[in-house]
Every structure is written in C-alpha cells, then in structure tokens.
Amino acid sequence: MAKTQITAKPGVPQVLMTREFDAPRDLIFRAHNDPELLAQWLGPRNMAMTIELYEGRDGGRWHFTHKDPDGNEFGFRGVFHGDPSIDGIVRTFEFEGAPGNVSLETATFEDRGGKTLLTMNAVYQSVEARDAMIESGMEDGVNQSMARLDELVARLAPVR
C-alpha cells in the first residue's frame, strides 16, 4: 500500500502532502470533484460526511459536515478559485470551529503511466495556524482519508 508523505517545514506556514495511487489521473480527479464520491472517502473512518453544498466552479462555494459516533458535528467550508479541472483544484478551506483561519489548498494530479501522483499543498495565514491544524489530528485524518481513497479507486478503477 502507498504511503502518504506529509511535510511541514519549521517556520513555514505550509503543509505539503503527496501520495501515489494505482489509478488513472481522471479517476483521482473525479473522486475529488464528484460530491457523491468525495463523501465516500474524505475524513476519518468513524465519521459520516454530509455535503450540504458543492459548486465546483470558479467562485463556487462548498460546505460539508463530519459527524462523529457521539453526534458531534464539525463543519468545513470554502470557495473555489478557478474551475476545478484534471490539471488542479484550488480552493480555500476553513474549519467552522476556528472561524477566520482560512488556508488556501491546491490539489494536482500528475499522470505516472496509468498511476497518479496526488500533490496537495495547503498554505496557512501563519505558522501558528498551520501548527494548530497539525495538532488537531490532521495527519491521522489525512492518512485515513488517503487509505479510504485508495479503497474507493480500487473498486472503481478498470481491471487491467
């Protein structure tokens, strides 16, 4: 199984994440841009995700909520910048539990001969905001999400 590389350099308000998937680029992009697919993999395994809004276009808004087994809800929202395409997705990201702490996220999908290198770059307003996100359990959430995405694309990918 592939491993997600997560890099957060000291003093830099950025987190860089990469992972290779054994699936074509268009499928990895679709899993990021199709709300029905997105809800199947994004977030920790023990949380249910509801997508309230997903306007995948320049200036479009998105909003989703994760609900844990105890009924606690965690909302996230943002705005798309540019039209999402197989060349990349750019959006803002804000956890509603920490209003005003907005990051800019970019996802790119690089073809590697039938496999895809997913690169996600999150830039925060400050190192402190980045560190708070990391301390909130970001690494575990990202790793669970990437494992779930691996499982999803394995079910959806054409047999080779």
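These are my notebook entries on a predicted model, taken one feature at a time.

**Ground rules**

I number residues from 1 along each chain as its sequence is written, and I work with heavy atoms for side-chain values, leaving out hydrogens and water. Since the model is predicted, local features need pLDDT of at least 70 and side-chain atom pairs count only at pLDDT 80 or more, while totals for chains, interfaces and linings use all residues.

**Entry 1: the sheet**

Two strands count as paired if DSSP finds at least two bridges between them. What is the order of the strands in the open sheet? I read 1-2-8-7-6-5-4-3, eight strands with antiparallel pairing. Strand 1 (5–7) and strand 3 (48–54) stand at the edges with a single partner strand each, so one side of each has no neighbour in the sheet. On average, neighbouring strands are turned by 20° against each other, direction ignored. For such angles, axes are lines fitted to C-alpha atoms (for helices over the stretch in contact), and the angles run from 0 to 180 degrees between N-to-C directions.

**Entry 2: strand 8 and its partners**

I then followed strand 8 (residues 115–123), which pairs with strand 2 (residues 14–21) in the antiparallel sense over eight bridges. Strand 7 (residues 102–112) also pairs with strand 8 in the antiparallel sense, over nine bridges. Which residue of strand 8 is the bridge partner of Met-17? I found Met-120 there, and Met-120 is also the bridge partner of Ala-107. Strands 7 and 8 form a hairpin with two residues between them, and Gly-113 in the turn has a positive phi of about 60°.

Elsewhere in the sheet, I looked at strand 5 (residues 73–79) and strand 6 (residues 89–95), which pair in the antiparallel sense over two bridges. Phe-76 has Phe-95 in strand 6 as its bridge partner.

**Entry 3: helix 1 against the sheet and helix 4**

Helix 1 lies across strands 2, 3, 6, 7 and 8, and runs at about 155° to strand 7. Next I checked helix 1 against helix 4: their axes come within 11 Å and cross at roughly 120°. The two helices are therefore oblique to each other; under 35 degrees counts as roughly parallel, over 145 as roughly antiparallel, 65 to 115 as roughly perpendicular, and the rest as oblique. On the helix 1 side, Leu-27, Ile-28, Arg-30, Ala-31 and His-32 meet Leu-149, Leu-152, Val-153 and Leu-156 of helix 4.

Is His-32 buried or exposed? His-32, in helix 1 (residues 25–33), is buried because its relative accessible area is 10%; buried means under 20%, exposed over 50%, and partly exposed in between (1.4 Å probe, protein chains only). Beyond four places in sequence, its contacts (heavy atoms within 4.5 Å) are Leu-38, Trp-41, Tyr-54, Ile-89, Phe-109, Leu-118 and Leu-149.

**Entry 4: the largest nonpolar core**

A nonpolar core is a set of buried Ala, Val, Leu, Ile, Met, Phe, Trp, Tyr and Cys residues joined through side-chain atoms within 4.5 Å. The largest one has 34 residues, and Trp-41, Leu-118, Met-146 and Leu-149 touch the most other members. Helix 4 (residues 138–156) gives the most to this core, with six residues.

Arg-130 lies in helix 3 (residues 127–135) and is buried because its relative accessible area is 4%. Its contacts beyond four places in sequence include Ala-8, Lys-9, Pro-10 and Tyr-124.

Pro-35, in helix 2 (residues 35–41), is partly exposed at 30% relative accessibility. Setting aside residues up to four places away, I saw that Pro-35 touches Ile-51 and Tyr-54.

I finished in strand 3 with Glu-52, which counts as partly exposed at 42% relative accessibility. Apart from neighbours within four places, Glu-52 is in contact with His-63, Phe-64 and Thr-65.

Definitions and conventions: Helices (H or I, at least four residues) and strands (E, at least two) are DSSP runs, numbered from the N terminus.
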